[in-house]
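Biologist: I'm new to this one, could you walk me through how it packs together?
Modeller: Gladly, let me put it up first.

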Amino acid sequence: MNQKERILEELKLLESQKTISQEELMRIFSISKDTARRDIVKLVESGLAERYPGGVSQPILKPQIESYTNRLVQQSKQKQGIAYAAGKLIKNHMTIYLDVSTTVNFLASDLEQNDLVVVTNSMDNAISASQKENNKVYLLGGFFHFHSRVLSGEPVLDQLKQFNFDFAFIGGTGITEAGVFYSELTDVYMKQEIIRNSEKVYLLMDTTKVNKKTAFKIDFSGIDGVITDEPLPKNLMQHLISKEVEVISLKG
């Protein structure tokens, strides 16, 4: 069971018993003290629980988390399905890049291939991909963002230039006919460098992000495919076809 799956189960426990101690997490999920501590940090940083000495409790003066949990379960199923479809593209001995994305993290957690070289700037991806010991995992070094557990900056961009990726799997904040959108300009620079150094690039994105825009974007140049959970709107689909972008939808 990976962290996202445990978090969902931990939220359900919080609904029924109001508090969970670190020792309970270790016993119930058969995890180490460090893993239990990381789960507690994730729950607190996500606003899903309040910390108390030795564990977590239901949020104080915050909405009930049941509806959030239900949405997260559904979104997780969609993201896991997208990640599974992406994983089928990977072959043994490939060199792949895994972008910062919750969907891509599901892919990192479920890699079944052997002798992969996995490169990422996400600590969570690196930890997940390292579960299979015969894969080599490179965590690119740079400025460390504590809350997102991501490394960024010029050093990361420079290190990307040293690799040639068979496949790169990237995420995004939104997608329209104008391109793929991101929350930060540095995200755009990262994606452009990843694309330049990849043989094939696949965008993993669920359809909740369709027609969402931000201030920063890339066009579809260099993106070979989009993997999503539902059929895309007709106009967007036709535009992607015109750009020779393959679309893989879990539902046809």
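Predicted model: local features only at pLDDT ≥ 70, side-chain atom pairs only at ≥ 80, totals over all residues.

Biologist: OK, helices first. At what angle do H1 and H3 cross?
Modeller: Helix H1, residues 3-17, and helix H3, residues 33-45, cross at roughly 70 degrees, and their axes come within 11 Å. That angle makes H1 roughly perpendicular to H3, and the crossing is right-handed.

Biologist: And which residues make the contact?
Modeller: On the H1 side they are Gln-3, Arg-6, Ile-7, Glu-10 and Leu-11, and these meet Thr-35, Arg-38, Asp-39, Lys-42 and Leu-43 of H3. Sorted by class, the contact of H1 with H3 has 5 charged, 3 nonpolar and 2 polar residues.

Biologist: What about H1 and H2, how are they angled?
Modeller: H1 packs with helix H2, residues 22-29, at an angle of about 125 degrees, and the two axes are 12 Å apart. H1 and H2 are therefore oblique to each other, and H1 passes H2 in a right-handed crossing.

Biologist: Which residues are involved there?
Modeller: H1 brings Arg-6, Glu-9, Glu-10, Leu-13 and Gln-17, while H2 brings Glu-24, Leu-25, Ile-28 and Phe-29. The contact of H1 with H2 divides into 4 nonpolar, 4 charged and 1 polar residues.

Biologist: Switching topic, which residues touch the most other members in the largest nonpolar core?
Modeller: That core has 31 residues, and Tyr-97, Leu-160, Val-180, Leu-203 and Ile-223 are the ones that touch the most other members. Among the elements that give two or more residues to this core are strand S5 (117-120), helix H7 (154-160), strand S12 (198-204) and helix H9 (234-242).

Biologist: Which element gives the most?
Modeller: H8 does, with 4 residues in this core.

Biologist: You mentioned Leu-160, what is it in contact with?
Modeller: If we leave aside its neighbours within four places in sequence, Leu-160 is in contact with Tyr-97, Leu-140, Phe-165, Met-190, Glu-193, Ile-194 and Asn-197.

Biologist: Last one, is Glu-154 buried or exposed?
Modeller: Glu-154, which has its place in helix H7, is exposed, because its relative accessible area is 53% and exposed means over 50%.

Biologist: And how many residues apart are Glu-154 and Gln-238?
Modeller: They are 84 residues apart in sequence, and from C-alpha to C-alpha Glu-154 and Gln-238 are 36 Å apart in space.

Methods. Residues numbered from 1 in each chain as written. Heavy atoms only, no water. Axes fitted to C-alpha atoms, helices over the stretch in contact; angles between N-to-C directions. Parallel < 35°, antiparallel > 145°, perpendicular 65-115°, else oblique. Left-handed = near helix turned anticlockwise from the far one by under 90°. Contact = heavy atoms within 4.5 Å. Nonpolar A, V, L, I, M, F, W, Y, C, P; charged D, E, K, R; others polar. Core = buried A, V, L, I, M, F, W, Y, C linked by side-chain atoms within 4.5 Å. Buried < 20%, exposed > 50% of the residue type's maximum accessible area, 1.4 Å probe, protein only.
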